[in-house]
Amino acid sequence: MELVFQEQRLEILNRILCDTVSQEQTADVIIPDSVPDAERVVDAFGTLLIRAEECSGDSAAVSGTVQAGALVVCEDGSVQRVEADIPFSVRRDFPKRAEECFMQSNCALRSVDARLLNSRKVLLRICVSCTISVYAPQQCTSYDISEPAPNLQLKRSVLPLRTPAQLGEKSFAINEVLELPNGRQEIGRLLKCLYRTEIEEQRMVGNKAVFKGALTVHALYAGEDDALYTYDWSVPFSQYAELEREMDEGDLRTELTLTSAEAEPDSQFGSRRLIVSVNLLAQCTVFHMQNVSVIEDAFCTDAELDAAFRPNTKAVFGETIANPALTVLDIEQFARAAHAHGVPLIIDNTFATPVNCRPFEWGADIVTHSTTKYMDGHGVHVGGAIVDSGNFDWMAHADKFPGLCTPDDSYHGITYAKKFGN
């Protein structure tokens, strides 16, 4: 039989690399001469900044800096900040590609800790985790048989396919003067400033990846009374990244990364305002959702079974699980063929047992068991069971089964199919 397939081409971005690397870095920080001797470390913190991304034909790299810091309690009881910029870089190789590749990185600061080496030196340790993903355009082909031959049966499945279709980036800046509300202590010394981004809404509008969110700025500062205070500001933003093609129905996912961050009070002492300058990189991925019809199998079982039937065929017999081949019978398929030719399907269900398979639910008419095996439980007695479902219409095919469908004079003229058939 000759099969004619129809081709359907799919344009996707194939992810050829996805690797996560963890890296530890350390730095020694000398406490300035203007600060008293340190007695202990009470906090460690950091902000991760991406400085550069590079993707060539056979490698991808990302580098950045962690603005790490620690709070120490000095011998005079004051809390002071020490800080250092700790660089990191990650590179991963992949098989060389002729076509242009695109990369995305997702880096996170996993931990920051600090230890006092002596009264004038602090050891800062950071752990950074970077995931590098590289995409390359790829054309895939799916094959289908839209008009199969009458005697050809197809087993199909419809699978949801979610593939990256477009990538885009957008760099943008947030420059704000944030003010403390009335009643809050003024900022005497800024000890710590951390940033958190959140995407609240994102969607595709034509060829624009539109996203809205907020930047949360968390500040820890010492007031003019030297007590410690915290305050959080939320700065909303709305941006979009232009992509090559329009995709109104695309599923958009946006990741935000800081590329620079600075914060300082607007005066050296006693300020109610914090000047914040943050640059962010938005990495947008648009996923295309579609259903793909997959042919799992193509077979001619009906045609082959039909050819096997003869005028004197009385039944079709099979095993749920064949012994010793261990092949599994398609009970529904054989039941349809048997019933189309007016004979019952008899299934030997010894191997599966009723615990694992109930052939009547799949169209079998009679089920047999060798109870010597699993059903008996110990294998020391010989026995068997024949169970009639009562579903086969014997009288409709009386010419094939005269022993069941005609009167039996030795039993007072009983017709078994009429008396006991259902």
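Analyst: Start with arginine 125. This is a predicted model, and here arginine 125 counts as partly exposed because its relative accessibility is 27%, which falls between the 20% and 50% cut-offs. Its salt-bridge partner is aspartate 113, with N and O 3.2 Å apart. The two residues sit in separate strands: aspartate 113 in strand 5 (residues 102-118), arginine 125 in strand 6 (residues 121-144). They are 12 residues apart in sequence, so the pair ties those parts together. Aspartate 113 is partly exposed as well, at 30% relative accessibility.

Now move along the chain to arginine 189. Its salt bridge is with aspartate 226, and the closest N and O atoms are 4.0 Å apart. This pair links distant parts of the chain, 37 residues apart. Arginine 189 belongs to strand 8 (residues 189-205). Aspartate 226 is in the loop between strand 9 (208-222) and strand 10 (228-242). What about exposure? Arginine 189 is partly exposed, with a relative accessible area of 27%. Aspartate 226 has 55% relative accessibility, so it counts as exposed, a label that needs over 50%.

Next comes a pair made by arginine 81 and glutamate 83. Their side chains form a salt bridge, 3.8 Å from N to O. Arginine 81 is partly exposed, at 32% relative accessibility.

Salt bridges can also join up. Arg162, Asp251 and Arg253 are linked in a network of them.

Finally, the total: the model has 15 salt bridges.

Terms used:
Residues numbered from 1 in each chain as written. Predicted model: local features only at pLDDT ≥ 70, side-chain atom pairs only at ≥ 80, totals over all residues. Heavy atoms only, no water. Buried < 20%, exposed > 50% of the residue type's maximum accessible area, 1.4 Å probe, protein only. Helix = DSSP H or I, 4+ residues; strand = E, 2+ residues; numbered from the N terminus.
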